[in-house]
Amino acid sequence: MQDGVFQSGADMGPVGSDHALNGTGDFDGNGSPDLIWRHRPSGTVGIWLMTGTTINSYTVLGAVSSDYKVRGTGDLNADGETDIIFRHTPSGEVGAWLMTGTIINSYARISSAGSDYVLSGVWDYDDDGKVDILWRHTSTGEVGAWTLDGTAVTGYARIDAVSSEYHLSKNGEPEDEEE
Ligand SMILES: [Ca+2]
Ligand SMILES: [Ca+2]
Ligand SMILES: [Ca+2]
């Protein structure tokens, strides 16, 4: 970071005001988080491959209907490759692109949750080496997690309930389902 702007080492790609920043994940395994961009009109998902704050390249991963929102990243199937978790907002379905680097191998459906539940994080909360999915119920404030084994839900664990006046911070991203 210099003078508060990203230093660009290469083509930054067609990232304009119709793109939304949808999160981060290390897709090329170089230890630097890469930035996920969503082109709202087309649903195209692209990433800036980064080294620190230097943009190495812009790579298009693929496109999916804009009804599918990127909600997190993590290595679901324990192959050492970062995967992308989506929420289908009309149906509540949760699924993932299983990735090898920047190549989409498949879309795996995980399960569904009611629209009152906001997908609030992806992390390994029970420390078994497999990522889990954090939920928050918008009206009751209940916080809980799906424990996952790969892309299979093995259980739901209620963690706590907190006042709806509190908002979970998700890597600095807004909690709401809108982009
Ligand atoms: Ca990277
Ligand atoms: Ca993976
Ligand atoms: Ca886990």
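Leaving aside neighbours within four places in sequence, Val131 is in contact with Gly74, Asp75, Leu76, Val122, Trp123, Asp124 and Leu148, where contact requires C-beta atoms, placed from the backbone, within 7 Å of each other. Val131 lies in the loop between β10 and β11. It counts as buried because it has 24 C-beta neighbours inside 10 Å; the term buried applies when 20 or more other C-beta atoms lie within 10 Å of a residue's own, exposed when 12 or fewer do, and partly exposed in between. The C-alpha atom of Val131 is separated by 9.5 Å from that of Thr151, which is 20 residues away along the chain.

The structure is a predicted model, in which local features need pLDDT of at least 70 and side-chain atom pairs count only at pLDDT 80 or more, while totals for chains, interfaces and linings use all residues. Residues are numbered from 1 along each chain as its sequence is written, and chains are lettered from A and ligands numbered from 1 in the order in which they are written. The mean pLDDT of the protein chain (the predictor's confidence in each residue, from 0 to 100) is 87, and 84% of the residues reach 70 or more. Confidence is lowest in strand β1 (residues 7-8), with a mean of 52, and highest in β8, with 98.

The protein chain contains 0 helices and 13 strands; these elements are DSSP runs numbered from the N terminus, with H or I over at least four residues for helices and E over at least two for strands. Of its 179 residues, 30% count as buried. Among contacts between residues at least 6 apart in sequence, 29% join residues at least 24 apart.

An open sheet of 4 strands has the order β6-β7-β8-β9 with antiparallel pairing, two strands being paired if DSSP finds at least two bridges between them. β6 and β9 (103-112) stand at the edges with a single partner strand each, so one side of each has no neighbour in the sheet. On average, neighbouring strands of this sheet are turned by 25° against each other, direction ignored; the axes are lines fitted to C-alpha atoms, for helices over the stretch in contact, and angles run from 0 to 180 degrees between N-to-C directions. The antiparallel strands β8 and β9 are joined by 8 bridges, and Glu93 has Ser112 in β9 as its bridge partner.

Further antiparallel pairing involves β12. β11 and β12 pair over 4 bridges, and the bridge partner of Ile133 in β12 is Trp146. The hairpin of these strands has 4 residues between them, and Gly141 takes a positive phi near 80° there. β12 is also joined to β13 (residues 152-161) by 8 antiparallel bridges, with Asp149 opposite Ala152 in β13. In this second hairpin, 2 residues lie between the strands, and Gly150 takes a positive phi near 70°.

The largest nonpolar core has 33 residues, of which Ile84, Ala96, Ile133 and Trp135 touch the most other members. Such a core is a set of buried Ala, Val, Leu, Ile, Met, Phe, Trp, Tyr and Cys residues joined through C-beta atoms within 7 Å. Elements giving two or more residues to this core include β7 (83-88), β8 (93-100), β11 (132-137) and β12 (142-149).

Methods: Contact = placed C-beta atoms within 7 Å.
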